[in-house]
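Here are my notes for you, written to be read with the model open. Have a look at it first, then go through the points in order.

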Amino acid sequence: MKLPRRFYQPLAVGAPEPYRELPVRLERMIHFVPPHIEKVRAKIPELAGQVDIVLGNLEDAIPADAKIDARRGFIALARDNEFGATGLWTRVNALNSPWGLDDLIEVVGEVGGKLDVVMLPKVEGPWDIHYIDQLLAQLEAKHGVKKPILVHAILETAEGVKNVEAIAEASPRMHGMSLGPADLAASRGMKTTRVGGGHPDYRVIADPAGDAVRASAQQDLWHYTLARMIDACLANGLKAFYGPFGDFSDPLACEVQFRNAFLMGCAGAWSLHPSQIAIAKKVFAPDPAEVAFARRILDAMPDGTGAVMIDGKMQDDATWKQARVIVYLARLIAAKDPEQARIYGL
């Protein structure tokens with residue numbers, strides 16, 4: 001067992017020292033782009049100003065005969081653009097695939113200094129994180145990368161869900177996790193072909209009351225898993241993300257699913273289509289009235305102790321902590337979005 005005092009030691013001679021705290025970034029949406037398509041790469045300068053994270057996707061949705069082109073396209077995309085406050089990520093192929101190792105070696109070798117996060121699919125246990133942790137350290141040292149590249153795990157197998165706490169605490173390189181509902185459904189043998197969201201047959205029904213029509217309501221297939229993932233992430237200082245919502249024709253359902261995740265503690269979600277960028281910006285931001293009320297709590301309790309009455313409601317140290325979370329997020333958003341700063345009064 002690795003001793004706690006060695007947890008933050010670099011895993012290769014010459015590799016950068018791991019972060020002790022995650023860098024402070026606004027990450028409302030992880031926007032996926034297929035980097036093997038030239039016209040998509042041409043739009044990156046414009047896109048980088050609109051989203052919080054640009055992710056070059058090398059895995060699912062990239063045909064097998066386009067995998068190498070996607071890798072080369074991502075390297076070109078990273079090399080040819082400046083991203084400023086916008087994060088640059090890539091989703092590599094799974095570690096057991098024919099492409100995963102070369103994805104890591106070539107991408108870090110060519111553009112490791114610009115890469116913020118590697119998203120790793122189908123993580124099943126801490127052993128996957130330990131492997132990529134050591135490999136990234138070796139590659140960082142070899143290529144003179146000055147800041148550590150973080151790892152974001154996708155939770156998309158039953159084995160991964162079983163080991164979610166161990167995955168979250170496996171390495172200081174961990175950034176967070178995303179829910180991967182499609183592959184998880186297949187791994188569990190779930191009877192759905194939907195990518196995220198609810199299912200009309202997954203319902204609860206009211207008790208019978210004579211001849212009255214029994215009310216029923218559709219339920220969320222992913223609530224249990226999402227809650228486990230959020231707890232594992234936040235207990236270890238990581239960020240949790242919803243993942244994909246595959247029905248681009250139903251923006252309202254996407255908005256509701258994203259909002260549920262936001263209320264539960266997720267920092268953001270994936271945007272797979274340009275229409276989902278605006279949804280994520282709307283949802284993963286606190287309501288202006290809520291921000292104003294949270295600021296009143298902080299103003300009334302500067303040091304977070306004691307209790308005060310505001311609009312007939314008692315506020316104490318617990319609500320002070322909640323208010324801090326809301327105002328902190330509002331300030332991050334305001335720093336990037338002048339219009340939202342005006343709305344928040346920040």
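**Notes on the fold**

1. Let's start with a helix pair: α12 and α13 are oblique to each other. Keep in mind that this is a predicted model. The axes of α12 (residues 288–300) and α13 (residues 317–336) come within 8 Å, with a crossing angle of roughly 125 degrees. As for handedness, α12 and α13 cross in a left-handed way.

2. Who does the touching there? On the α12 side you'll find E290, V291, A294, R295, I297 and L298, and they meet T319, W320, A323, R324, I326, V327 and A330 of α13. Sorted by class, this α12–α13 contact holds 9 nonpolar residues, 1 polar and 3 charged.

3. The other helix pair I'd look at is α10 (residues 251–264) with α11 (residues 275–283). Their axes come within 10 Å and cross at roughly 35 degrees, and the crossing of α10 and α11 is right-handed. From α10, the contact uses P251, C254, E255, F258, R259 and F262; from α11, it uses Q276, I279, A280, K282 and V283.

4. Strand β1 (residues 29–33) runs parallel to β10 and is joined to it by 3 bridges. If you want a pair to click on, I30 has W270 of β10 as its bridge partner.

5. Last, the charges. Side chains of opposite charge can pair up when their charged atoms get close. How many salt bridges does a search of the whole structure find? The count is 21. One to inspect is K114 with E82, where the closest N and O atoms are 3.5 Å apart. K114 is in the loop between α4 (100–111) and β4 (117–120), while E82 is in the loop between α3 (67–80) and β3 (87–91), so this pair ties together parts 32 residues apart in sequence.

Notes: Residues numbered from 1 in each chain as written. Predicted model: local features only at pLDDT ≥ 70, side-chain atom pairs only at ≥ 80, totals over all residues. Heavy atoms only, no water. Axes fitted to C-alpha atoms, helices over the stretch in contact; angles between N-to-C directions. Helix = DSSP H or I, 4+ residues; strand = E, 2+ residues; numbered from the N terminus. Parallel < 35°, antiparallel > 145°, perpendicular 65-115°, else oblique. Left-handed = near helix turned anticlockwise from the far one by under 90°. Contact = heavy atoms within 4.5 Å. Nonpolar A, V, L, I, M, F, W, Y, C, P; charged D, E, K, R; others polar. Pairing = 2+ DSSP bridges. Salt bridge = Lys/Arg side-chain N within 4 Å of Asp/Glu carboxyl O.
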